[in-house]
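I set out to record what I looked up in this structure, entry by entry. The notes follow the order in which I consulted the model.

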Amino acid sequence: MIKNFIKTAFRSLLKNKGFTAINILGLALGLATCLLIVFYVIDELSYDRYNTKADRIYRVNMDMKYGGNVASYAITPPPLAATLASNFPEIEKTARLIHDQGVRIKKGNEYIQEEKVVYADSELFGVFTMPMIAGDPKTALTEPYTAVITESTAKRYFNTTDAVGKTLNLSTNANYKITGVIHDMPSQSHFKFDFFLSLAARDDAKSNEWSNFSYTTYILFKPGANRKQLEGKLTGMLKNNMGSNYSRLEKSGNYFHLNLTPLTDIHLLSNRQYELGANSSITYVYIFSAIALFVLLIACINFMNMSTARSANRAKEVGVRKVLGSSRKYLIAQFLSESILVTVAAAVVAVLAAWALLPLFNQVSGKELSITAQTLLWLFPSLLVIIVMVGVLAGSYPAFYLSAFQPISVLKGKISTGFKGGNFRNFLVVFQFAISIFLIIGTLVIYGQLNYIQHKDLGFDRNQVLVIKNIGVIENAKTFKQEVKQLAGVANASLSGFLPTGVVRAPDGVFRNKTPDPKNALFTEVWPIDEDYLNTMGMGIAKGRNFSNQLSTDSSAVIINETAARMLGFANNPLDKKIYRPTNVPNQPLKEYHVIGVVKDFNFSSLRDNISPVVMLLASDNGALSIKINAKNLPAFVAQVEHKWNSLSPNQHFEYSFMDEDFNATYRTEHRTGNLFLIFTTLAVVIACLGLFSLAAYAAEQRNKEIGIRKVLGASVSAIVGMLSKDFIKLVLISFAIAAPLAWLVMHKWLQGFAYRQNIQWWVVAAAGLGALAIAFVTISTQSFKAAVANPVESLKGE
């Protein structure tokens, strides 16, 4: 019986090759899109789960209110890890990481800047699953000046993974002995480093300073330990160790609180300052999961519509089968067999399409997805379930609809009351286009926000600024700066590693008076800059003046931004006001500074965040050289700067970037999300149009004789096209009325994640509606026009 069903279904599908091809194409597009999104979502959800003890690993965080600021950090004090391990028996192990600025490591005859460098505790390999190719994980980082490197790094520096015992030479004259080589870090890790240097040689690693927050601390619980119970004790432990300092903090209305984040939640649910890498957001997982479901539903709806569009062609077949004794259940089984056969073919095409498009998808999404043997273990069973579910779901309505035809009515030609009678089909069209319009509005809003970010006045000019990194390796950085300023095409240059588009930051407390009382404190960024910094960055002075190297008093002067002036209470008359900050010498009184200027607020972090206070000092910092240029031939200019670099520092690798590119990198996730939205929206609209195309064919087929009579009576082609199109246009308008407010609410909530954003413009919603109408009308008109120009003799000759 089953064999007969399959054979008959196969013959029926071959008989209508065009219908079958469109059905397979629609379902394949939906399934391929769904598969790609599933790959993306699974990758996002799998972060850090490669660790065998992932369910017992937590990171310790700090929430802080201090000096007018409320902030969340992923860093903790240096002594926290040892204190936790010795005082809480439920903790099995602890590990610390600290990621400073990159280091320069000698490769051949020159020093290469390496950014993926972290200092780590010897317990790191006991907490995380980081298999070693060579070396002993228990002792690899116990000694000072030892290092563990990844497999690819060993090949890059030594052309072999047999690197244990070899030495890494740093530009600081420190030599690190390699004691272990590990496999490359998985792409699904929230931190990705190539060099793990021993903490044993760092002085701050032994520090007992509880107010210094600089280390990322992880804990490994013993099996069965109560996380909530320990978390409740953390802040009390911090109070005990900070003593009177914490009491003063509490009395002033401030606080430091410690809490825990599960390892597997970091990538999607943590967006704190000083994360070890750029995290994603669970919001995008929800959004793309919903898109996958909607696109698949649209594809299934198309199948239903295409099948019902052929109802007139198959009605007599159903009538004859029933007259010859076929029961309804066998007819249902027959139609479901056809549906499942189409779904199987579509699934095969979808898998091949997903596999072929995976490299392009990786490029757009920034992922490293691949179909491995492990992927196939869940892919094939999942596909089998999807084939059955989609086949039954997509084929159920046509099966029950067609099998319900009464043989007498069918054989007399009375099979339908026309398009207007298909309420369920109308609902399906509304559902399809509501989703499509929702996605169109979402895409326009995302691109609008990205365009706003690209063109917003940030308070500094990031265009035509060349950033030369790690100037500190040159013995006389100021000489290099002066020589560069003499080059043709240089407008200005500044020495400072503290850049609006950079990652180097220095949060610290300043005080309104000489007493270091938290009540008088402001937690702010403190940036050392030179006298050319503001002009090079194109920053404006709101009040006062810039630094001058001709005035010796400027060594104790500061320039603050408008936010700092407001939070310090200096907004009306900030000039010559005094602020105080700690020196680097213990037990010394606070150093006094006077305000000489207020710089206009500028964005130096994500536009998701409000502008923070900044205090600028006239001090030496050789982190980077920023060059404001007006040269037309950029490659030639860069070559000139590199020549100057090589003449002063011949063995140091020359590394540079452009500030506008650094800025764009900050919003890479949003750009990728926008591109993915555009691709999936386009696919959803294409699939929805296939559904409209099929329904337009259905409507024209059902009204074939009516169209013939109207033409005989003198109806024009345009009148017939309008008659056939108006019912569909009404459905698209209803879809718009449903989708527009929902899309506005969802995208408005998404925009709330940006401190600086544009409102959703009315024309965005209107453009989405008009676009959907235009696409729908063009799709419908193709079938309507074909029916309108057909010879009426053909439709009426049987009467």
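**Entry 1**

I note that the model is a predicted one. The strand spans residues 557–561, and five of its five residues are buried.

I then looked up the pairing partners. Strand 21 (residues 591–599) runs parallel to strand 19 and is joined to it by five bridges. Within that pairing, I located Val599 of strand 21 as the bridge partner of Asn561. Strand 22 (residues 614–618) runs antiparallel to strand 19, with three bridges between the two. Here I found Leu617 of strand 22 opposite Val558.

**Entry 1: Salt bridges**

I next turned to charged pairs. Side chains of opposite charge can pair when their charged atoms come close. I counted 20 salt bridges in the model.

The pair Glu92 and Arg56 has its closest N and O atoms 3.0 Å apart. I recorded Glu92 as partly exposed, at 34% relative accessible area, and Arg56 as buried, at 17%.

Asp121 forms a salt bridge with Arg96, and the closest N and O atoms are again listed at 3.0 Å. Asp121 sits in the loop between strand 6 (117–120) and helix 4 (124–127), while Arg96 is in strand 3, so the pair ties together parts that are 25 residues apart in sequence. Asp121 is buried at 15% relative accessible area, and Arg96 is buried at 9%.

Lys628 and Asp461 meet in a salt bridge with an N to O distance of 2.8 Å. I placed Lys628 in strand 23 (residues 624–629) and Asp461 in the loop between helix 14 and strand 14 (465–469), so the contact ties together parts that are 167 residues apart in sequence. Lys628 counts as buried at 15% relative accessibility, whereas Asp461 is partly exposed at 30%. I also found a network in which salt bridges with shared partners join Lys481, Lys485, Asp530 and Asp532.

**Entry 2: Aromatic rings**

My count of aromatic pairs came to 30. One aromatic cluster consists of Tyr66, Tyr73, Phe213, Phe256, Tyr274 and Phe523.

I then checked for charges over rings. Arg96, noted above for its salt bridge with Asp121, also lies over the face of Tyr215, 4.9 Å from the ring centre. The charged end of Lys367 sits over the ring of Tyr40, at 5.4 Å from its centre.

I located Thr443 in helix 14 (residues 423–455) and found Thr443 buried, with a relative accessible area of 7%. Thr443 and Gly674 are 231 residues apart in sequence, yet their C-alpha atoms are 6.6 Å apart.

Lastly, I examined the surface. Val344, Val348 and Leu352 form a nonpolar patch there, with about 250 Å² of accessible area together. Leu352 lies in helix 11 (residues 328–365) and counts as exposed at 54% relative accessibility.

Note on methods
Residues numbered from 1 in each chain as written. Predicted model: local features only at pLDDT ≥ 70, side-chain atom pairs only at ≥ 80, totals over all residues. Heavy atoms only, no water. Patch = residues over 30% accessible without salt bridge, like charges linked within 9 Å, V, L, I, M, F, W, Y side chains within 5 Å. Areas by Shrake-Rupley, 256 points an atom, 1.4 Å probe, with all protein chains shown as cover. Salt bridge = Lys/Arg side-chain N within 4 Å of Asp/Glu carboxyl O. Helix = DSSP H or I, 4+ residues; strand = E, 2+ residues; numbered from the N terminus. Buried < 20%, exposed > 50% of the residue type's maximum accessible area, 1.4 Å probe, protein only. Pairing = 2+ DSSP bridges. Phe/Tyr/Trp six-rings, centres within 6.5 Å; stacked < 30°, edge-to-face > 60°. Lys NZ or Arg CZ within 6 Å of the ring centre and 35° of its normal.
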